[in-house]
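Here are my notes on the model, as numbered points. Please read them with the structure open beside you.

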Amino acid sequence: MTSTWTEPANTPLALLLLGQGTDPASERGVDCPGDLPAPSDPDLVARATAAKAALGDRVFVLGHHYQRDEVIQFADVTGDSFKLAREAAARPDAEFIVFCGVHFMAESADILTTSAQKVVLPDLAAGCSMADMAVLGQVETAWDQFTDLGIEGDIVPVTYMNSSADIKGFVGRNGGVVCTSSNAKRALDWAFEQGQKVFFLPDQHLGRNTAVLEMGLTLDDCVLYDPHKPNGGLTAEQLRDAKMILWRGHCSVHGRFTVESVREVRERVPGVNVIVHPECRHEVVRAADQVGSTEYIIKALEAAPAGSAWAVGTELNLVRRMALEHPDKRIMFLDRAVCYCSTMNRIDLPHLVWALEELVAGRVPNQITVDPDTAKYARVALDQMLALP
Ligand code: SF4
């Protein structure tokens, strides 16, 4: 059976909204300092193969599910951010970890690997717009406000994996935990055993969806803290009454899916199963048939019967790969327009070739390091996650 995959339409507006161009507020660089091979170089695959072979066991290449196929073909392991961080930690003999993903993932890998290992991000501009939405100074300002109100002792901070090392460090320093989209409920269960309120960073949607759809809280139990407004845009009473204080952050990719996308695909494809990531908006998750992490979505599609139809609300590179790997099922993208994570896409074959060839030449390009104090407390919050029941 041949694939039924249909590429969504490419719209310049979509790419603009998804963060093409520079990001002056980001803590990362925006240009690759290296002498990159031309994308048209016909020898790129051969060059990457040769460089990887020359490095042998000294290098371990991690590929996030949202990476391009041209990069994924060189990954020693693929997975979501949590799985990849664990894989990096499980390879103490690899001198170099080349992380084909985004900046916060490479930071987590640096925190979880030994001091002798070096983590390389092939393009420093590969960031995450969601992680950039929570900056340490803003979060500390909010915490000071909670302290002034006398409620800080009741609050347990929880941060999604998709946050900077600074934020993970803040959470570790204040008795909290890191979570992923797979274990968010377990992390919240644990947090509500430690305190009466949760301060959830930086993804409002994962926080709200987990609290309301899995924990039995109501939308009224949740308030949205906007760091760009005085006092987060909330009154003292609202903060005192809330059970979940959600940071106003979101994923630019998953935030694009709408209830209209769900309605449209149901009309177009009778019997279609709609499966979405919990980073999608609350009303989209409610309109879908299933919700789950990237790994959950992959397993659901693998287990689906032949002939079934699936509209998937997550990053396009993954959806396309799943469609091509399962030509006996009708797997389609939930939206009609293109929806790549543009920062994930920064890592292409020229950047990977450049990074590997630099390592062969004895230079370590784009090394990601987290300062020891931040790493110490971020590790506390990560270890707390690993210890969740
Ligand atoms: S898909 Fe969203 S959360 Fe993931 S790296 Fe891209 S912007 Fe960040």
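1. Cys 251 touches Met 130, Asp 203 and Glu 279, with residues up to four places away in sequence left out. Two residues are in contact if their C-beta atoms, placed from the backbone, lie within 7 Å. Cys 251 sits in the loop between β9 (244-247) and α12 (259-268). Helices (H or I, at least four residues) and strands (E, at least two) are DSSP runs, numbered from the N terminus. Cys 251 counts as buried because it has 24 C-beta neighbours inside 10 Å. The cut-offs are: buried with 20 or more other C-beta atoms within 10 Å of the residue's own, exposed with 12 or fewer, and partly exposed in between, with C-beta atoms placed from the backbone.

2. A word on the basis of these notes. The model is predicted: local features need pLDDT of at least 70, side-chain atom pairs count only at pLDDT 80 or more, and totals for chains, interfaces and linings use all residues. Residues are numbered from 1 along each chain as its sequence is written.

3. Cys 341 is placed in the loop between β13 (330-333) and α16 (349-360). Cys 341 counts as buried because 26 C-beta neighbours lie inside 10 Å. Apart from neighbours within four places in sequence, Cys 341 is in contact with Tyr 66, Val 253 and Glu 315.

4. Around the ligand there are 13 residues, of which Cys 128, Met 130, Cys 251, Val 253 and Cys 341 come nearest. Near means that the C-beta atom, placed from the backbone, lies within 6 Å of the molecule or strand. The shell divides into 8 nonpolar, 4 polar and 1 charged. Here Ala, Val, Leu, Ile, Met, Phe, Trp, Tyr, Cys and Pro count as nonpolar, Asp, Glu, Lys and Arg as charged, and the others, Gly among them, as polar.

5. UniProt also has a "binding site" list (unreviewed entry) that includes Tyr 160, Pro 278 and Glu 279. Tyr 160 belongs to strand β5 (residues 155-160) and counts as buried, with 30 C-beta neighbours inside 10 Å. Glu 279 lies in the loop between β10 and α13. Is Glu 279 buried or exposed? Glu 279 counts as buried, because it has 29 C-beta neighbours inside 10 Å. Leaving aside neighbours within four places in sequence, the contacts of Glu 279 include Ser 181, Asp 203 and Cys 251.

6. Helix α17 (residues 372-386) has 15 residues and reaches 20 Å from its first C-alpha to its last. That is close to the 21 Å expected at 1.5 Å a residue, where the expected span is 1.5 Å times one less than the number of residues. The buried residues of α17 pack against α5 (103-112), α8 (165-173), β6 (177-179) and α9 (184-194).

7. The largest nonpolar core has 121 residues, and Ile 97 and Phe 99 are among those with the most contacts inside it. Such a core is a set of buried Ala, Val, Leu, Ile, Met, Phe, Trp, Tyr and Cys residues joined through C-beta atoms within 7 Å.

How values were computed: UniProt positions renumbered as here; feature names shortened; annotations may be inferred.
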